[in-house]
Amino acid sequence: MRKLYRYILRSFVGTFVFTFFVAIFILLMQFLWCYLDDLVGKGLGFEVLGKLMFYTAVTFVPMALPLAILLSSLMCFGNLGEFYELVAMKASGISTWKVMRPLFVFSIVMSLVAFIFSNNVLPVATLKSNTLLRDVRKQKMSFDIPEGRFYKGIDGYAIRVGTKGEDGSSLYDVLIYDHSDYRVNSKVTTADSATIALAPSQKEIVFTLYNGFNYNDITDDKDYKSKRPFEKMAFKKQYVSFDISDFDMKESDENSMKGHHSMLNISQLTTAIDSLQLNKTERRESYKKSFINRFQHLTTQDHTKSSEFKNSKADTLTTFTWPLIENFGDNEKASIINMSLTSTKNHADNVSININDFKKQETNIRKHQQVMHEKFSLSIACLLFFFIGAPLGAIIRKGGLGLPIVVSVIFFVIYYVITITSQRIAIAGDIPVFLGVWLSSIILLPIGIFLTIKATTDSDILDGESWKKAFNNIFKRKNKV
């Protein structure tokens, strides 16, 4: 049995590693496609791109791991069934469950690894990836002036170059608009030619302009708008420098993002949830007290004058307000009523704002709870997909990359769609967070149990000949009827 188990493990592990990295690669290509505009043209070095790709790939492990287990187990048992190795094992008295046993142990180990990874590695990788991606998206495009078009990559300036020399540093027919004083086209510089060079500080780029003019609108004159005076100054050679420090990659402080729910482990999530719930309770009690104190006068009046006070607050307001307001004139009455309406509207707006604030607090708590449940659901998903892939491969008896990939993608898409949909519903507060995170596993569990039972009992549920016979019997019965 040991030799058999080693043979099955070798067949499974190789396929598992291959499918795992293929899944990571596909997800990484999807990420690059989504953020292509934010990465291209910014002069990012291989070190920055390599770190971003690595941390992003690590964050895709929770999605790629269950898919790899599903596909590799389906391919492994599909190959065993296609080449009649599984039949030979059964003929030797080895049941399907015994054949699945070493892979079941391997799946348990991978589930534990997945939990440890999700709790300890994933928060750090998510923090690194999101911080680096934010820095990259904030970085400006690299300094590259095109020919015949205005370049606006430098704040406060618009630069147009007619043609560029072959050496890359010579420019011809140069036009520079200076908007640094927030006046449109108030300062304009033209030059027949120019050369560009990087300053020794590496923070500035210097333009050496030749044979040009400086135009400056004069706005000190009180008749400026009617006369439109301006100064024109010719030069043979002039230096203009531009600050390009913004083009450098600036790393943000990771501490500003550490409190996000996706970057916490279980102990941190537990502490955060307790703090958020305590803060919500205190916030509600504080607002309740302030609300009662604000309308305290409604409960301190002499209620003996109105026998209907206890039955209706509206009647109380009417009873005490109208006798008082009748003492004023018409204009004063209108002013008092308008002030009352304004006060009422302000109180209603205040209540609405606080209700929205309470909803945001509850949503934030549900997001923390969702992340905590996901750390456990990942491990369970690995086991569920094994109990779907292994028996399904034994039933369909097809290996390779054809049918197993199609079946795996179908099951994974169903799992992913159910997970995303139910989690969004749970975040909205329509269903409990526990149900929203675990609904996909609850749905797949009966499927895995059903397929495992069918595989261990040598069912021909997915055999083409059995389905053909079943349909023939149905049509024969209809013809007889």
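## Surroundings of S72

Apart from neighbours within four places in sequence, S72 is in contact (heavy atoms within 4.5 Å) with F12, T15, F16 and T19. S72 belongs to helix α4, which spans residues 61-82; helices (H or I, at least four residues) and strands (E, at least two) are DSSP runs, numbered from the N terminus. The relative accessible area of S72 is 0%, and S72 is therefore buried. Here buried means under 20% relative accessible area, exposed over 50%, and partly exposed in between, with a 1.4 Å probe and protein chains only. The side chain of S72 also reaches the backbone oxygen of I69 at 3.3 Å. This falls under the definition of a polar contact: a pair of N or O atoms within 3.5 Å, of which, within protein, one must be able to donate a hydrogen and the other to accept it, while residues adjacent in sequence count only if both atoms are side-chain atoms.

## Basis of the model

The model is predicted: local features need pLDDT of at least 70, side-chain atom pairs count only at pLDDT 80 or more, and totals for chains, interfaces and linings use all residues. Residues are numbered from 1 along each chain as its sequence is written, and side-chain values use heavy atoms, with hydrogens and water left out.

## Overall composition

The protein has 13 helices and 6 strands. Of its 481 residues, 37% are buried. Among the contacts with a separation of 6 or more, 68% are between residues 24 or more positions apart.

Two C-alpha pairs illustrate such separations in sequence. F18, in helix α1 (residues 2-34), has its C-alpha atom 8.3 Å from that of A68, 50 residues away along the chain. F18 is partly exposed, with a relative accessible area of 46%. K51, in helix α3 (residues 46-59), is 78 residues from S129 in sequence and 8.2 Å from S129 in space, C-alpha to C-alpha. The relative accessible area of K51 is 31%, so K51 is classed as partly exposed.

## The antiparallel sheet

The strands β1-β2-β3-β4-β5-β6 form, in that order, an open sheet of 6 strands with antiparallel pairing. Because β1 (150-151) and β6 (230-243) stand at the edges with a single partner strand each, one side of each is left without a neighbour in the sheet. Two strands pair if DSSP finds at least two bridges between them.

Strand β2 (residues 157-164) pairs with β3 in the antiparallel sense over 7 bridges, and R160 has L175 in β3 as its bridge partner. The hairpin of β2 and β3 has 5 residues between the strands, and in it G168 takes a positive phi near 85 degrees. Strand β3 (residues 170-178) is largely enclosed by the rest of the structure, because 7 of its 9 residues are buried. On pairing with β4, strand β3 forms 8 antiparallel bridges, with T195 in β4 as the bridge partner of S170. Strand β4 (residues 187-198) in turn pairs with β5 (residues 204-217) in the antiparallel sense over 11 bridges; there K187 stands opposite N216 in β5.

## Aromatic and charge-ring arrangements

The whole structure contains 21 aromatic pairs. One of them, F385 and Y415, is edge-to-face, with 5.1 Å centre to centre and 75 degrees between the planes. This pair links distant parts of the chain, with F385 in helix α10 (residues 330-396) and Y415 in helix α11 (residues 403-427), 30 residues apart. Both F385 and Y415 are buried. Rings of Phe, Tyr and Trp (its six-membered ring) pair if their centres lie within 6.5 Å; planes under 30 degrees apart count as stacked, over 60 as edge-to-face and the rest as tilted. One aromatic cluster is formed by F12, F16, F20, F21 and F106.

Charged side chains also lie over aromatic rings. K232 lies over the face of F213, 4.6 Å from the ring centre, and the charged end of R284 sits over the ring of F358, 4.7 Å from its centre. The criterion is that NZ of Lys or CZ of Arg is within 6 Å of the ring centre and within 35 degrees of the ring normal.

## Cysteines

A search of the whole structure finds 0 disulfides, a disulfide being a pair of cysteine sulfur atoms within 2.5 Å. C76 is buried, with a relative accessible area of 4%. C382 is likewise buried, with a relative accessible area of 0%.
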